[in-house]
Amino acid sequence: MLVLRPNCECCDRDLPPESDLARICTFECTFCADCTESVLGGRCPNCGGDLVRRPVRPAALLAKYPASTERVTKPHAGCADVLG
Ligand SMILES: [Zn+2]
Ligand SMILES: [Zn+2]
């Protein structure tokens, strides 16, 4: 089951489970669409894999299978501009 992390690892923007702006890699490194397209060039900076749109978990199932609340942020080379 997907962890559904609550934020972009790069710019720390909130990415709620229903967001269509969330992008993930095969290890569930999680980024927003802006960082994916501008800073990261569609590749995960941690593993080099594809970043794809994260599927939205239906709201009715979120109660039973809640999203993660653990925020993960990691400064990447390409993210330095965003993080400052
Ligand atoms: Zn971002
Ligand atoms: Zn990754």
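This is a predicted model: local features need pLDDT of at least 70, side-chain atom pairs count only at pLDDT 80 or more; totals for chains, interfaces and linings use all residues.

**Notebook: contacts, fold, metal site**

I began with contacts (heavy atoms within 4.5 Å): among those in the protein chain between residues at least 6 apart in sequence, 55% join residues at least 24 apart.

Residues are numbered from 1 along each chain as its sequence is written, chains are lettered from A and ligands numbered from 1 in the order in which they are written, and side-chain values use heavy atoms, leaving out hydrogens and water.

Next I read off the elements, which are DSSP runs numbered from the N terminus (helices H or I, at least four residues; strands E, at least two). I found 3 helices and 3 strands in the protein chain, in the order β-β-α-β-α-α from the N terminus on.

Then I turned to the metal. Cys8, Cys11, Cys32 and Cys35 each coordinate the zinc ion (ligand 1) through SG, at 2.3 Å (donors are N, O and S atoms within 2.8 Å of the metal, or 3.2 Å for Na, K and Ca). Their spacing in sequence reads C-x2-C-x20-C-x2-C. Cysteine 8 sits in the segment before strand E1 (22-24) and cysteine 35 in helix H1 (residues 33-39), so the pair ties together parts 27 residues apart in sequence.

Last, I checked burial (under 20% relative accessible area, 1.4 Å probe, protein chains only). Cysteine 8 is buried at 0% relative accessibility, and cysteine 35 is buried at 3%.

Methods
Buried means under 20% relative accessible area, exposed over 50%, partly exposed in between (1.4 Å probe, protein chains only).
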